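Please look over the sequence and the structure shown next.

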Amino acid sequence: FVAPKDGARGIMLEPPGHGLLAHARQIGAAFTDEGLENEVKDALENGLELAKGVTVNREGDAIVVSMGDLANAGLCAEIRKTYPNTCTRTGCPVCSFVACMIAEGTGRRVQIERVDVNGKVVEAVFRLV
């Protein structure tokens, strides 16, 4: 939590996925605009082993990330059940981590536009703003 400077309106919260981003950097991950799709996939599947069968597709300012067999599937399900708006506000730690990777790689702000769950697959749509 960071209090705003004089005259600023609102507050700034550290994203739930920031710690995962810091850890990914520690183990050598880097995120760039031109390699973003492969870098996100590699971090999720190999670097931190948070998901399987990850696909990342960029369509203009939308980035669609599909993740299967999430390591935190139970946490995600409980968050969605208890606080359904969290998915598109701040995201669970994994979706927030993806948003952090995208923001770092593109140098742009990122919004979680939509999160859909189909069985063991979570598909999240991120929008560059």
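In this report, contact means heavy atoms within 4.5 Å; axes are lines fitted to C-alpha atoms, for helices over the stretch in contact, and angles run from 0 to 180 degrees between N-to-C directions. Helices (H or I, at least four residues) and strands (E, at least two) are DSSP runs, numbered from the N terminus. The model is predicted, local features need pLDDT of at least 70, side-chain atom pairs count only at pLDDT 80 or more, and totals for chains, interfaces and linings use all residues. Residues are numbered from 1 along each chain as its sequence is written, while side-chain values use heavy atoms, with hydrogens and water left out.

Helix α5 lies across β1, β2, β3 and β4 (121-128), and runs at about 35° to β4. These strands form an open antiparallel sheet of 4 strands in the order β1-β2-β4-β3, where two strands pair if DSSP finds at least two bridges between them. Its edge strands, each pairing on one side only, are β1 (52-59) and β3 (110-118), and the twist from one strand to the next averages 15°. Helix α2 also packs on the sheet, where α2 touches β1 and β2 and its direction makes about 160° with that of β1.

| Helix | Angle with α5 | Axes |
|---|---|---|
| α2 (residues 36-47) | roughly 145° | within 10 Å |
| α1 (residues 18-26) | about 60° | 8 Å apart |
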